[in-house]
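Please load the model in your viewer and keep the selection panel open. The stops below are arranged so that each selection leads to the next.

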Amino acid sequence: MAVSIHPLAHVDPGAKLGADVVVGPFAVIEGDAEIGDGCRIDAHAVIAAGSRIGRRNVVHSFAVLGGAPQDRRYAGEPTTLVVGDDNVFREHVTAHRGTGHGGGVTRIGSAGLFMVGVHVAHDAIVGDRVTLANGTLLAGHVVLEDYVVTGGHVAVAPFVRVGARSFLAGGSMVERDVPPFVIAEGNRARVRALNRVGLERTGVPLESRVALKRAFRALFVGDLPRAEALARIESDPDPFVRELVAFLRAPPRR
């Protein structure tokens, strides 16, 4: 199908637009930007140079994707923002390109919902099917795994890793890694509970939810030191428990 570009939009001749892309009035698409089939770029949105946007993404008004990183060491080197398919970026979302010293790429997966005012900083890695509520701020080099959900006005510090299917409660200030499958809350955020609702909603089988409940109690409720608790549960055959153990045994990224 044909591309539809409003006459008041600015699309650089060097930009690459797929089939059935719709560009609204006063939107700006810079050269060296690539936008996949079926995307919609609303009025006043900006897709900056170095952006690689997948298919069927919706970019609402005043969102800016692919802007230069907010990093003093960035010297203008060519870097990229890579976005998957079927994401929704609401008003005033910003996602910045990577930096040369951080690998050069910021990555966002597919089927995510980025609500008003979300910020994804340079060199971050965001997984699939995340839901980030209004005002969520991800600092540079953050890793957010699949199915993470945040409440409003959450801030995640540089290099922090947030495990899959975890929930960050509204207003949380997250300065340390958050394991998968848990609820974290507070300033500074700490693990509060197993994310039972999130596990069920994302299709984790009942037997795995029961196994994770046992593992959670051993790790976060009992009096055993973390190393001893890990040793006790690491032989559990459940794949989700093994994922939890692997996350906790991984070396820090800082």
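Begin by selecting S208, A211, L212, A215, F216 and L219, the buried residues of helix 2; buried stands for under 20% relative accessible area, exposed for over 50% and partly exposed for values in between, with a 1.4 Å probe and protein chains only. These residues lie on the same side of helix 2 because they cover an arc of only 145° around the axis, the arc being that of the directions from the helix axis to the C-beta atoms. Residues three or four places apart in an α-helix point the same way, because there are 3.6 residues a turn.

The model is predicted: local features need pLDDT of at least 70 and side-chain atom pairs count only at pLDDT 80 or more, whereas totals for chains, interfaces and linings use all residues. Residues are numbered from 1 along each chain as its sequence is written, and side-chain values use heavy atoms, with hydrogens and water left out.

Helices (H or I, at least four residues) and strands (E, at least two) are DSSP runs numbered from the N terminus. Turn to the other side of helix 2 to find L206, E207, R214 and R217 exposed.

What covers the buried residues of helix 2? Show strand 27 (182–186), strand 28 (189–194), helix 1 (196–201), helix 3 (226–233) and helix 4 (239–249), which are included in that cover; contact means heavy atoms within 4.5 Å.

Now select residues 177–252, which an unreviewed UniProt entry annotates as "domain: UDP N-acetylglucosamine O-acyltransferase C-terminal". Such positions are given in the numbering used here, feature names are shortened, and annotations may be inferred rather than shown by experiment. Over residues 177–252 the chain is 54% helix and 14% strand, with the end C-alpha atoms 8 Å apart.

The following stop is an open sheet of 11 strands with mixed pairing, in the order 1-4-7-10-13-16-19-22-25-27-28; two strands pair if DSSP finds at least two bridges between them. Strand 1 (4–5) and strand 28 stand at the edges, each with a single partner strand, so one side of each has no neighbour in the sheet. Helix 2 packs on the sheet, touching strand 27 and strand 28, and its direction makes about 135° with that of strand 28. Axes are lines fitted to C-alpha atoms, for helices over the stretch in contact, and angles run from 0 to 180 degrees between N-to-C directions.

Within this sheet, select strand 4 (residues 22–23) and strand 7 (residues 40–41), which run parallel and are joined by 2 bridges. V22 stands opposite R40 in strand 7.

Move on to strand 11 (residues 64–67), which is parallel to strand 8 (residues 46–47) and joined to it by 2 bridges. V64 is the bridge partner of V46. Strand 11 also pairs with strand 14 (residues 94–96) in the parallel sense, over 3 bridges, and V64 stands opposite T94.

- N187 and R188 are joined by a cis peptide bond with omega about 0°; R188 is placed in the loop between strand 27 and strand 28.
- R56, in the loop between strand 9 (51–53) and strand 10 (58–59), has phi near 60°, a positive value in a residue other than glycine. R56 is partly exposed, at a relative accessible area of 40%.
- D86, in the loop between strand 12 (80–83) and strand 13 (88–89), has a positive phi near 65°. D86 is partly exposed, at 35% relative accessible area.
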